[in-house]
Amino acid sequence: LDEKMLLFFEQLGIDIKTVDKILDKNGQPISAVAKAKIAEKIVEVIGGKLNPKSLPEEAAHFFVALLKAQKHPLYNSMYNNIEQYEIYQNIITDKRYLEAYKGEPLSKFKDEAIGQVIVEHIFNQEHGEETPAKIIRVETGWWPKIWNFIKKIFSRAVKGATNADPF
């Protein structure tokens, strides 16, 4: 999975940068092992500390940014309904996210939760596992639409057809 993520990042012109610590917007260290810097097209990672979901999670942040930038109806639907999901409730009460998004608008927490939903499915799809219903309410029909969007973007990246900036 990490190889696929690295290829995806490479084809979209997203650099992976190894750092000693992850910093918030004010330059203060936060308890994260990776961070997507969408505007700079960089993923910062702390070498040796990544877990199997680290790169897929950062890729998910770029997927969410693509959906948002394209004003995709799927993003609007997910954004408007994400508060109903346990994963959103976990994020807005998690000390790590409260620390990372201190002073940020609620939209940052919602985008994080949307990204978490995506990464859970990517990870589970790759490992042939079902995503627990308590994480995401699969009956909404989001997942097939998200997966088709991701495959479309990834297909273009793998074919090298991403000469234009997707953001």
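Predicted model: local features only at pLDDT ≥ 70, side-chain atom pairs only at ≥ 80, totals over all residues.
1. Let's start where two helices touch: Y75, M78 and Y79 of helix 3 meet S107, K110, D111, I114 and I118 of helix 6, contact meaning heavy atoms within 4.5 Å. The residues of this contact divide into 5 nonpolar, 1 polar and 2 charged.

2. Residues are numbered from 1 along each chain as its sequence is written, and side-chain values use heavy atoms, with hydrogens and water left out.

3. Back to the helices. Helix 3 (residues 73–81) packs against helix 6 (residues 106–126) at an angle of about 110 degrees, and their axes are 10 Å apart. That makes helix 3 roughly perpendicular to helix 6 (the term covers 65 to 115 degrees). Axes are lines fitted to C-alpha atoms, for helices over the stretch in contact, and angles run from 0 to 180 degrees between N-to-C directions. Helices (H or I, at least four residues) and strands (E, at least two) are DSSP runs, numbered from the N terminus.

4. Now the sheet: 3 strands form an open sheet with mixed pairing, in the order 1-5-4; strands pair if DSSP finds at least two bridges between them. Strand 1 (15–19) and strand 4 (34–37) are at the edges with a single partner strand each, so one side of each lacks a neighbour in the sheet. On average, neighbouring strands of this sheet are turned by 20 degrees against each other, direction ignored.

5. Strand 1 pairs with strand 5 in the parallel sense over 5 bridges, and I16 stands opposite V43. Strand 4 and strand 5 (residues 42–46) run antiparallel, joined by 4 bridges. K35 stands opposite E44, and A34 has V45 as its bridge partner. The hairpin of strand 4 and strand 5 has 4 residues between the strands, and K41 takes a positive phi near 55 degrees there.

6. Is strand 5 enclosed or open? 5 of the 5 residues of strand 5 are buried, so the strand is largely enclosed by the rest of the structure. Buried means under 20% relative accessible area, exposed over 50%, and partly exposed in between (1.4 Å probe, protein chains only). Both faces are covered, with I42, E44 and I46 on one side and V43 and V45 on the other.

7. Finally, the aromatic pairs, of which the count is 4. Rings of Phe, Tyr and Trp (its six-membered ring) pair if their centres lie within 6.5 Å; planes under 30 degrees apart count as stacked, over 60 as edge-to-face and the rest as tilted. Y75 and Y79 form a tilted pair, 5.7 Å centre to centre with 35 degrees between the planes. Both lie in helix 3, 4 residues apart, about one turn of the helix. Y75 is buried at 6% relative accessible area, whereas Y79 is partly exposed at 22%.

8. The rings of Y101 and F109 have their centres 5.4 Å apart and their planes at 75 degrees, so this pair is edge-to-face. Y101 counts as buried at 18% relative accessibility, and F109 is buried at 9%. Ring pairs link Y97, Y101 and F109 into a cluster.

Conventions: Parallel < 35°, antiparallel > 145°, perpendicular 65-115°, else oblique. Nonpolar A, V, L, I, M, F, W, Y, C, P; charged D, E, K, R; others polar.
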